[in-house]
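Welcome, and please open your viewer. We will go from stop to stop, with something to select at each one.

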Amino acid sequence: MKSILLEKPYHFTYKDIESDESLAPDQVLLKIHNIGICGTDYHAFRGNQPFFSYPRRLGHELGVEIVALGSGVDAEKYPLSSRGSVEPYLHCGVCQACRRGKTNCCESLQVLGVHTEGGMTEFLKVPAAKVHLSKKLTFEQLALVETLAIGCHAVDRAKIEAHDSVLIIGAGPIGLSVVEFARMKTASVFVLDRDENRLTFCRNNYGVQTVLAAEGFDLLSFMPEKPTIIFDATGNEQSMNDTVKTIAHSGKIVFVGLHQGFIQIKDSEFHRKEVTLMASRNALPQDFEFIIQKMEEGVIDTSKWITHRADFDDMLQHFETWLKPESRVIKAVVQL
Ligand SMILES: [Zn+2]
Ligand SMILES: [Zn+2]
């Protein structure tokens, strides 16, 4: 079967690999139809994805069809030919986090396409429980569920209330996925970025207010009051450090973007304000179910997300251009 392998940074190859269709009792065999490309894939391609080993088959945002069932899989719950989105976080089920239902941050988490071979191929097997089905959505829509799940989980962590004033820092795909869910909770959503084009996209598509992070800008000239909740989706050390200065007293900060080094906050300020600081990692199964429901209801419209498309056989021609800021990629989707 066809596959694309990232042999080493900056070097993809097409590979014909043997398909092994033997299934464990709890597994299903998936035919891959659409693959979303995200920051993780770009980082892996550039060689700056931490904990990453090569060669690796990428692909963790998947719109799939069930084509075979393991002997223990309930055929009524997982009918053949049904469409689904893959929750790519393979958890151990026995560690302390898993026992508490926090499978998104399992101690030995294996993410498809990151720690283990992903979906840039024709067929893939996964545990049936990792496939979230929809009768309504297309494969392309289903390939976007995982990206949305990152924002959905972060918003769930923050427990936003209607009176909260939310600031989302960074209007890339992760920031946008936060916007999608934050706006369901409060009317007061502001997005901050350095890039006016991204902000225009947010205003036009989400009706949120925007803050252009120009040199020496004053946040309170854009927002009536300090934000009570900040999501940092930049992964930028300085931005993350500064959130404690920006947040309102008693506010909450959620780090959605990941920075590899240390962050520094001044404890006296952190204490004085009684700040709650949390990380958000991956997402939970219920996030996938919720997103699929909201997409089916039309509350989330992913059509504006997809800016670039390519066929599987042509992906290599396009991938490098998607890395360039001038291509203005929000989401590129590969079809197979
Ligand atoms: Zn992703
Ligand atoms: Zn675990």
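Start with the whole chain: the C-alpha centres of domain 1 and domain 2 lie 29 Å apart. To colour them, select 2-144 + 305-335 for domain 1 and 151-279 for domain 2; these bounds come from an automatic or database domain assignment. Seven residues of domain 1 are in contact with four residues of domain 2, where contact means that the C-beta atoms of two residues, placed from the backbone, lie within 7 Å. On the domain 1 side, the touching residues are three nonpolar, two polar and two charged. Here Ala, Val, Leu, Ile, Met, Phe, Trp, Tyr, Cys and Pro count as nonpolar, Asp, Glu, Lys and Arg as charged, and the others, Gly among them, as polar.

A word before we zoom in: this is a predicted model, in which local features need pLDDT of at least 70 and side-chain atom pairs count only at pLDDT 80 or more, while totals for chains, interfaces and linings use all residues. Residues are numbered from 1 along each chain as its sequence is written, and chains are lettered from A and ligands numbered from 1 in the order in which they are written.

**Stop one: strand E3**

Select residues 27-37, which are strand E3. Helices (H or I, at least four residues) and strands (E, at least two) are DSSP runs, numbered from the N terminus. Is E3 mostly covered or mostly open? Mostly covered: 10 of its 11 residues are buried. A residue is buried if 20 or more other C-beta atoms lie within 10 Å of its own, exposed if 12 or fewer, and partly exposed in between, with C-beta atoms placed from the backbone.

**Stop two: Leu6**

Next, click on Leu6 in strand E1 (residues 2-8). Why does Leu6 count as buried? Because 25 C-beta neighbours lie inside 10 Å. Beyond neighbours within four places in sequence, the contacts of Leu6 include Phe12, Phe45, Tyr54 and Leu58.

**Stop three: the parallel sheet**

Now show the six strands of an open, parallel sheet, in the order E12-E11-E10-E13-E14-E15. Its edge strands are E12 (209-212) and E15 (276-279), each pairing on one side only. Zoom in on E11 (residues 189-193), which is joined to E12 by four parallel bridges; Leu192 stands opposite Val211.

**Stop four: helix H6**

Select residues 196-206 to see helix H6 lying across E11 and E12, at about 170° to E12. Such angles run from 0 to 180 degrees between N-to-C directions, with axes fitted to C-alpha atoms, for helices over the stretch in contact. Which residues of H6 are buried? Leu199, Phe201 and Cys202 are. They are on the same side of H6 because they cover an arc of only 155° around the axis, the arc being that of the directions from the helix axis to the C-beta atoms. The buried residues of H6 pack against helix H5 (173-182), E11 and E12. Turn to the face away from that buried side for the exposed residues, among them Glu196, Thr200 and Arg203.

Key: Two strands pair if DSSP finds at least two bridges between them.
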